[in-house]
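Let's take a friendly walk through a protein model. Here it is to look at as you read.

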Amino acid sequence: MKIADIKHAFVTGGASGIGLGAARGLAARGIAVTIADFNPDALADVLAEGIAKIRGVQMDVRDRAAWVKAKGDAEAAFGPVDLLISNAGIASVGYELADMDPESFDRIVGVNLFGAFNGISAFAADMRGRGRGHIVSTASIVGLASPKNGVGGNYVASKFGIVGLSEVLRLEMAPHGVGVSVLCPGYMATGNGRNPIRFANDSRKVAGLGDSPGGRVEDLVPRLLAGIEADDFYIISHCEHEWPNVERRSKELEMAFNGGDKYK
Ligand SMILES: NC(=O)c1ccc[n+]([C@@H]2O[C@H](COP(=O)([O-])OP(=O)(O)OC[C@H]3O[C@@H](n4cnc5c(N)ncnc54)[C@H](O)[C@@H]3O)[C@@H](O)[C@H]2O)c1
């Protein structure tokens, strides 16, 4: 979808990190933006900046009734939403699945994957009816191939789930002129690594993880906007060095299809 044709964007997790960068980038292009976020303090800080045409709603993306109300209020203020960026997410590191608190699994899959579905549920049918719109869900490079660095299996499962959800959505929406993308960043310098600390039992120290500085949101946002404009399905950023891991997975699949033994 041409960025110039977007009138109103709804961005979850928009009060911090990647979501905030996207909201700022869109607002700078004259687009009205509703940012939805769980964290009232971060939301208040953003709104205090007084950026033109940004409004905020405090909500939990797991809460389906909140989505219905937020959509109604947002569209009453700024008109139909033609870009949804489902980006709210929480991370998990350090616990192997065998040791993981089951509530941590529910929480992370609930926020990351169910949150993305709830956004689709709230907005996709209207976009299809209008014959225009674009839906981006933030997955991760770990949604394309599992990493070897201690990122939690609950997080990885949620991000693989977002890729699958989006692949189906792309097929369903394509005949109706609605674009679908998955944003797959590598490690970014945002608050994401600290967020699990707000939720008990999601995180413990993993040697080396998070020690690198990470990609910059201000470098990712132009890639995101260009990907929406070009209707790219995969929007990859700051993880080009992860290609060997994704290639290893693709080759293992290829060998299995060809009746091969274990990938060496
Ligand atoms: N930072 C990274 O290295 C990285 C890499 C790949 C993918 N991602 C993904 O990017 C997205 C954004 O993460 P970020 O790095 O900008 O982190 P961040 O913590 O800076 O931003 C995430 C925002 O989501 C909000 N949020 C959390 N739970 C919520 C809920 N239940 N309902 C509504 N809002 C909620 C938080 O309050 C926060 O403002 C996430 O989906 C994350 O998994 C991050």
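This is a predicted model: local features need pLDDT of at least 70, side-chain atom pairs count only at pLDDT 80 or more; totals for chains, interfaces and linings use all residues.

## Finding our place

Helices (H or I, at least four residues) and strands (E, at least two) are runs assigned by DSSP, numbered from the N terminus.

## Around the ligand

The ligand has 31 residues around it, and G13, S16, G17, G89 and N192 come nearest. By class, this shell has 16 polar, 12 nonpolar and three charged residues.

Which helix gives the most to the shell? That is α1, with three residues. Both α1 (17-28) and α4 (102-130) supply at least two residues each.

## A closer look at helix α5

Helix α5 (residues 153-173) has 21 residues, which at 1.5 Å a residue should span 30 Å; its end C-alpha atoms are 30 Å apart, so the two values agree.

Buried in α5 are N154, Y155, S158, K159, I162, S166 and M173. Seen down the helix axis, these buried residues fall within an arc of 130°, so they line one face of α5. An α-helix has 3.6 residues a turn, so residues three or four places apart point the same way. The cover over the buried residues of α5 includes α4, β5 (133-138) and β6 (178-185). On the face turned away from the buried side, α5 carries the exposed residues V168 and L171.

How values were computed:
Residues are numbered from 1 along each chain as its sequence is written. A residue is near a molecule or strand if its C-beta atom, placed from the backbone, lies within 6 Å of it. Ala, Val, Leu, Ile, Met, Phe, Trp, Tyr, Cys and Pro count as nonpolar, Asp, Glu, Lys and Arg as charged, and the others, Gly among them, as polar. The expected span of a helix is 1.5 Å times one less than its number of residues. A residue is buried if 20 or more other C-beta atoms lie within 10 Å of its own, exposed if 12 or fewer, and partly exposed in between; C-beta atoms are placed from the backbone. The arc is that of the directions from the helix axis to the C-beta atoms. Two residues are in contact if their C-beta atoms, placed from the backbone, lie within 7 Å.
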